[in-house]
Amino acid sequence: MKAWRIFLLSFQHVLENRSRSFIWVLYVLLPAVVFMLFWIGVVKSSGGDVSGWNFSTITSYYFLLTVLGSTVIAHIEEDVAEEDIRLGELTNYLMKPFSYFWTKFLEETPWRLIQGAFGVLIVIAFIFIFGNFFTLASSPLVIVLALLIMVLAYMLCFTFKMSLGLSAFWLTDSRGLFQILEVLLLIFGGFVVPITLLPEAFSKIAQVLPFSYIVYYPIVAIQGNLSITQMLTVIFAQLAWIFVFYLVYKVVWSEGRRKYTAMGQ
Amino acid sequence: MKKYLSIYKTLSGMNFSELVSFRANLINSLISNLVWGTFSILLIVVLTSKTPEVFGWTRYELFLLFGIYNIYMGLFYVFFSRSFERFSQIIHLGELDFVLVKPIDSQFLMSFRYVNHPAFLRVIVGTIFSAWVLSQMGVAVTAQSLLLMVLLLVCGIAVMYGIWYIFLTCLIWWTNLTNLVGLLYEMNGLTRYPGQMFQGISGLLFYSIFPLTLVITTPAQTLVNKVNYLNIALVAFFAVLFISISRSFWKFALKFYSSASS
């Protein structure tokens with residue numbers, strides 16, 4: 001009940017800022033459309049097919065990227081590092097009888113839901129105009145598994161970013177670290193191109209990093225490009241990565257709290 | 001003019017002192033510029049990995065486009081990024097009052113108050129990469145084409161400055177859109193792609209972004225001796241046009257500024 005109340009209060013706050021949420025969706029949409037236009041050119045100049053990707057799959061990939069990028073990518077790390085740890089807001093959380101991790105989760109989720117809703121509206125408009133160029137899974141089982149992969153992708157991203165944000169307990173300024181990881185996410189997560197279209201060396205690296213389980217695999221799952229066995233493998237890998245990052249979070253949180261000082265609070 | 005150059009020199013000195021006083025911030029800024037400069041190069045390597053040519057541009061020509069984009073973005077960041085990032089906050093918190101009461105031009109202070117020195121690193125990355133690409137292409141750069149490219153870069157930065165300033169001026173009415181500046185950064189990214197890429201989209205949208213498609217492609221073409229005089233004239237025209245509009249629009253918008261507590 002208390003969790004629900006925190007969620008509703010956060011939801012109310014997000015609704016007050018819906019115009020800002022829309023701008024954030026455009027952050028994802030604009031580069032996605034640019035990459036899509038570029039790849040359409042590549043597909044055309046390659047005779048209609050590049051490594052198994054055609055006009056239809058590439059356009060749907062980038063429009064789904066807009067939805068996924070808005071829904072599953074948590075942007076909690078700067079909030080944790082700057083507002084909570086550096087400026088001392090963490091004290092307010094420590095005084096309350098709620099878990100810091102889950103309170104932040106309930107605060108972040110409404111942002112993802114609203115931005116995801118904007119993303120879905122954009123994709124619906126796209127399907128309405130260019131329906132012939134859009135491919136989605138049709139089997140109910142595949143759709144259910146794909147939705148589960150999306151939820152786990154959000155959990156994975158959130159846990160990863162929370163651990164990252166806690167680096168501020170030790171670093172005076174974490175922005176450099178955040179930006180390095182942002183670039184890794186963009187390239188190896190599938191933001192720039194689907195990871196099967198990366199150069200071979202990059203593609204191999206992407207397979208062993210967690211980033212592709214946040215963006216690339218949820219998209220190809222909802223497109224219906226994965227078999228049931230492959231989807232189950234993805235779910236298993238996502239759960240394993242969530243477990244790893246949650247352990248990291250627990251260790252860093254436990255050690256970091258001892259270093260935390262909030263002067264003047 | 002002399003007065004403003006002197007003020008800019010002082011502001012730049014203040015910014016530099018502040019930068020070197022906070023070592024962690026300096027290191028982070030350097031890392032950040034190096035990371036994004038490298039990303040821009042990796043991006044085109046990745047995008048062109050499956051094709052030798054796209055939209056009539058060869059792989060190395062596209063590399064050059066991205067190299068010049070790094071130089072251009074580095075310069076834009078040095079002179080404007082920090083001031084523009086603070087723009088929304090200044091208006092949202094009513095700090096514009098303190099800008100308006102000062103005996104200097106408000107647009108000048110809003111544009112040049114902060115200098116981002118570490119962004120020069122991005123200019124260096126872009127210059128080294130562009131020089132390497134030109135050597136791979138076997139292009140002999142003449143002093144004339146280099147000078148023309150520099151002039152076009154200045155005009156290109158003026159075009160982007162004008163467009164940014166027009167959008168940011170709208171914050172006087174939409175004070176809570178503090179994240180607008182991030183969207184403008186994404187818009188800058190459009191400039192590094194060949195104009196032909198956008199010709200497939202609807203007419204109105206294409207013409208809306210047309211000036212952006214000339215900003216980088218025109219100097220790049222000039223450098224490889226594919227001079228297009230019409231495009232050069234258009235870049236110069238758009239520079240004057242957008243600077244003039246930004247100036248008039250700012251003066252108009254200030255009539256509606258009501259501070260934070262009014």
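The structure is a predicted model, in which local features need pLDDT of at least 70, side-chain atom pairs count only at pLDDT 80 or more, and totals for chains, interfaces and linings use all residues. Residues are numbered from 1 along each chain as its sequence is written, chains are lettered from A and ligands numbered from 1 in the order in which they are written, and side-chain values use heavy atoms, with hydrogens and water left out.

**Cavity**
- A search of the whole structure finds one cavity of 30 Å³ or more, where a cavity is a set of points, on a 1 Å grid over the protein atoms alone, at which a 1.4 Å probe fits but cannot get out.
- The volume of the largest cavity is about 30 Å³, a volume being the space filled by probe spheres set on grid points that are joined across faces, edges and corners.
- Its lining (residues with an atom within 4 Å of a point) consists of Glu77(A), Phe160(A), Lys161(A), Leu164(A), Phe178(A), Leu181(A), Glu182(A) and Leu185(A).
- Helix H7 (140–165) and helix H8 (175–188) of chain A each give two or more residues to this lining, and H8(A) gives the most, with four residues; helices are DSSP runs of H or I with at least four residues, numbered from the N terminus.
- The lining of the largest cavity divides into five nonpolar, no polar and three charged residues.

**Helix pair**
- Helix H4 (residues 77–86) of chain A packs with H7(A) at an angle of about 35°, with the axes 7 Å apart; axes are lines fitted to C-alpha atoms over the stretch in contact, and angles run from 0 to 180 degrees between N-to-C directions.
- The contact (heavy atoms within 4.5 Å) joins Glu77(A), Val80(A), Ala81(A) and Ile85(A) of H4(A) to Lys161(A), Met162(A), Leu164(A) and Gly165(A) of H7(A).

**Contact between chains**
- Chain A contributes 37 residues to the contact and chain B contributes 34 residues.
- About 3100 Å² is buried between chain A and chain B, with carbon and sulfur atoms giving 74%; buried area is the accessible area (1.4 Å probe) that two parts lose on being put together, summed over both.
- In chain A, Tyr27(A), Leu37(A) and Phe38(A) lose the most area to chain B, together 20% of what that side buries.

**Pocket**
- The second largest pocket (an open set of points with protein on both sides within 12 Å along at least five of seven lines) has a volume of about 1200 Å³.
- Of the 39 residues lining this pocket, Val33(A), Leu37(A), Ile201(B), Leu205(B) and Ile209(B) lie nearest its centre.
- H2(A) gives the most to the lining of the second largest pocket, with 10 residues.

Note on methods: Ala, Val, Leu, Ile, Met, Phe, Trp, Tyr, Cys and Pro count as nonpolar, Asp, Glu, Lys and Arg as charged, and the others, Gly among them, as polar.
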